[in-house]
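Thanks for coming, everyone. Please have a look at the model on the screen. I'll take you through it piece by piece.

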Amino acid sequence: APPPASDRQERIMQASGDLRGLPGAAARDAAATLDAILKNAATGEAKFRRVRLGNKKFLRTAGKFAAALRLLEACGFERVEDALVLSRTDPGLLWLGRSSIADLVSA
């Protein structure tokens, strides 16, 4: 069973806090990529429910940071082979994920 929502919320806040510990440009780039992924995932379109871990832009900006991967996992993405897949859309968690990094995106 997936962790309770309150546990996921705690994990989102912890991961976003860890992202703040990255150097400025790295934190901004990672947050911008994560924001785009979460925004697109919220549309419910199938093509946006999967992030290839080997995607060059994802790796360059966000995928190389454990905190970024933890944030996506806390928002409902699960590791499936070489990808992160959103198995169950929870609009509240996607919104919380985006809002937890909003200040980094606009920094």
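Let me start with a definition: helices (H or I, at least four residues) and strands (E, at least two) are DSSP runs, numbered from the N terminus.

Now the ground rules. This is a predicted model, where local features need pLDDT of at least 70 and side-chain atom pairs count only at pLDDT 80 or more, while totals for chains, interfaces and linings use all residues. Residues are numbered from 1 along each chain as its sequence is written, and side-chain values use heavy atoms, with hydrogens and water left out.

First, the overall layout. The protein has five helices and three strands. Along the sequence the order is α-α-β-α-α-β-β-α. The radius of gyration is 12 Å, close to the 13 Å from the globule rule for 107 residues, so the protein is as compact as a globular protein of that length. That radius is taken over C-alpha atoms, and the globule rule is 2.2 Å times the number of residues to the power 0.38. Along the principal axes, the C-alpha atoms fill a box of roughly 35 × 30 × 20 Å.

How do contacts run along the chain? Contact here means heavy atoms within 4.5 Å. Take the contacts between residues at least 6 apart in sequence: 74% of them join residues at least 24 apart.

Next, the inside. Buried means under 20% relative accessible area, exposed means over 50%, and partly exposed is in between (1.4 Å probe, protein chains only). Of the 107 residues, 38% are buried. A nonpolar core is a set of buried Ala, Val, Leu, Ile, Met, Phe, Trp, Tyr and Cys residues joined through side-chain atoms within 4.5 Å.

Which residues of the largest nonpolar core touch the most other members? They are L19, L34, F58, L72 and F77, out of 30 residues in that core. At least two core residues come from each of α1 (5-20), α2 (24-41), α3 (56-63), α4 (66-74), β3 (83-86) and α5 (91-105). Helix α2 gives the most, with seven residues.

Stay with F58 for a moment. Leave aside its neighbours within four places in sequence, and F58 is in contact with T33, I37, V51, R52, L53, G63, L69 and L72. Over in α4, the buried residues are A67, A68, L69, L71, L72 and A74.

Now a helix pair. How do α2 and α3 pack? Their angle is about 125°, and their axes are 8 Å apart. The axes are lines fitted to C-alpha atoms, for helices over the stretch in contact, and angles run from 0 to 180 degrees between N-to-C directions. Angles under 35 degrees count as roughly parallel, over 145 as roughly antiparallel, 65 to 115 as roughly perpendicular and the rest as oblique. So α2 and α3 are oblique to each other. From α2, the contact uses A26, D29, A30, T33, L34 and I37; from α3, K57, F58, T61 and A62. These residues divide into six nonpolar, two polar and two charged. In that count, Ala, Val, Leu, Ile, Met, Phe, Trp, Tyr, Cys and Pro are nonpolar, Asp, Glu, Lys and Arg are charged, and the others, Gly among them, are polar.

Is D35 buried or exposed? D35 counts as buried, at 15% relative accessibility. Not counting residues up to four places away in sequence, D35 touches R98, I101 and V105.

A41 is also in α2. A41 is buried, with a relative accessible area of 0%. Beyond its neighbours within four places in sequence, A41 is in contact with F48, F77, L86, T89 and L94. A41 and T89 are 48 residues apart along the chain, yet their C-alpha atoms are separated by 7.9 Å.

Last, the loops. G44 lies in the loop between α2 and β1 (50-52). At 40% relative accessibility, G44 counts as partly exposed. E45 lies in the loop between α2 and β1 too, and counts as partly exposed at 41%.

Finally, E81 lies in the loop between β2 (77-80) and β3. Most residues other than glycine have a negative phi. E81 is not a glycine, but its phi is positive, about 55°. At 76% relative accessibility, E81 counts as exposed.
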